[in-house]
Amino acid sequence: MNGGPSGFHNAPVTRAFVVASGLFTVFFGIQGRSSKLGLSYLDIFGKFRLWKLIVSIFAFSSTPELMFGLYLLYYFRVFERQIGSNKYSVFILYTVTVSLLFEILALAILKDPAVNLVTSGPYGLIFASFVPFFFDIPVSTRFRVFGVRFSDKSFIYLAGLQLLLSSWKRSILPGIFGIICGSLYHLNVFCIRKAKFPEFVASFLSRLSWPSMGTPPAAPSRNVVGNAPPFTARQVERNIPSSMPSATEPMEDSIATLVSMGFDRNSARQALVQARNDITVATNILLEAQAH
């Protein structure tokens, strides 16, 4: 299982967040201040170091956390491709803000004088993303290792578990709060899933995309699904015989699978209708339309 086309194709907000997270972490690491990152009761309620709240959104406190964190952020770019940069920006703002409020509340309740009770990093966003990953991303491959059943999603869960336990209780708290935020978003509390930024904000977000790292400017010659760029539904219509009978409404899981490969949602839906919900046939239809 992959997150679609390589690089940050159609995921400018994810790219900006990943770059910001990496720069913040490297900056504090060079200064030798990584161990001082994180939140404590004294930081918020004693010395009022509010700058730590901002830093804790982006900067990881260690290299292993940075590696696993950026890997997961990079993989979860698939959600930006599915719901669009505007709604994904709302998702980021919502999960980061609510998880921070939970962390501050936990500090106020525990009143633990320990330094850096809560580790630094975008744990809220990362672990909130595991909720739609669990519900919306279907399993495409299953296999056994020494009699134990695994799926292609298992590796993402293992990376998340490693990150969750990376700093023990310091990382478990923000991880749990992130899962709670993701659950609230999934349940559409206060209709948050319908929220969008104004058009001028969306326009600004679309300009976050500077020359892409790893995104091919043109379609590759190889017929590889993971590298297929999105295209319009009209292209699919032109390459599907009109005599083919339509099928029932395609399953959402099947649409999500094709969208995660980088295909346009409308194109994926029409291809599945024509392919009678056969993902393999639908993929071939989409690739054939791309070739034309």
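Is arginine 49 buried, exposed or partly exposed? Arginine 49 is partly exposed, because its relative accessible area is 30%, where buried means under 20%, exposed means over 50%, and partly exposed is what falls in between, computed with a 1.4 Å probe and protein chains only. Before I go on, please keep in mind that this is a predicted model, in which local features need pLDDT of at least 70 and side-chain atom pairs count only at pLDDT 80 or more, while totals for chains, interfaces and linings use all residues. Residues are numbered from 1 along each chain as its sequence is written, and side-chain values use heavy atoms, with hydrogens and water left out.

Let me stay with the charged groups. A search of the whole structure finds four salt bridges, a salt bridge being a side-chain nitrogen of Lys or Arg within 4 Å of a carboxyl oxygen of Asp or Glu. Aspartate 43 meets arginine 49 at 3.1 Å, N to O, and aspartate 43 also meets lysine 52, at 3.0 Å. Aspartate 43 counts as buried because its relative accessible area is 3%, and lysine 52 counts as buried too, at 7%. Elsewhere, the side chains of glutamate 249 and arginine 269 form a salt bridge at 2.8 Å, N to O. That pair links distant parts of the chain, since glutamate 249 sits in the loop between helix H11 (233-238) and helix H12 (252-260), whereas arginine 269 belongs to helix H13 (residues 265-274), 20 residues apart. Arginine 269 is partly exposed, with a relative accessible area of 34%. Through shared partners, salt bridges join Asp43, Arg49 and Lys52 into one network.

Now the helices, which, like strands, are DSSP runs numbered from the N terminus (H or I, at least four residues, for helices; E, at least two, for strands). Helix H6 covers residues 85-110, and its 26 residues should span 38 Å at 1.5 Å a residue, which agrees with the 37 Å between its end C-alpha atoms; the expected span is 1.5 Å times one less than the number of residues. After H6 comes lysine 111, whose phi is positive, near 50 degrees.

The unreviewed UniProt entry places the feature "transmembrane region" at residues 12-30, 50-76, 88-110, 122-139 and 171-190; the positions are in the numbering used here, feature names are shortened, and annotations may be inferred rather than shown by experiment. In the model, residues 50-76 are 78% helix and 0% strand, with the end C-alpha atoms 29 Å apart, while residues 171-190 are 80% helix and 0% strand, with the ends 28 Å apart.

What about the interior? The largest nonpolar core has 44 residues, and those with the most contacts inside it are Leu72, Phe76, Leu125, Ile126, Phe130 and Phe133. H6 gives the most to this core, with nine residues. Such a core is a set of buried Ala, Val, Leu, Ile, Met, Phe, Trp, Tyr and Cys residues joined through side-chain atoms within 4.5 Å.

On the surface, Phe155, Leu158, Leu161, Leu165 and Trp168 form a nonpolar patch with about 550 Å² of accessible area together. Leucine 161, in helix H8 (residues 154-164), counts as partly exposed because its relative accessibility is 44%.

Finally, threonine 283 is found in helix H14 (residues 279-291) and counts as buried, at 7% relative accessibility. Threonine 283 and leucine 258 are 25 residues apart in sequence, yet 7.4 Å apart in space, C-alpha to C-alpha.

Technical notes. Patches are made of residues with over 30% relative accessible area and no salt bridge: like charges are joined within 9 Å, nonpolar side chains (Val, Leu, Ile, Met, Phe, Trp, Tyr) within 5 Å. Accessible areas come from the Shrake-Rupley method with a 1.4 Å probe; for residues, only the protein chains shown count as cover.
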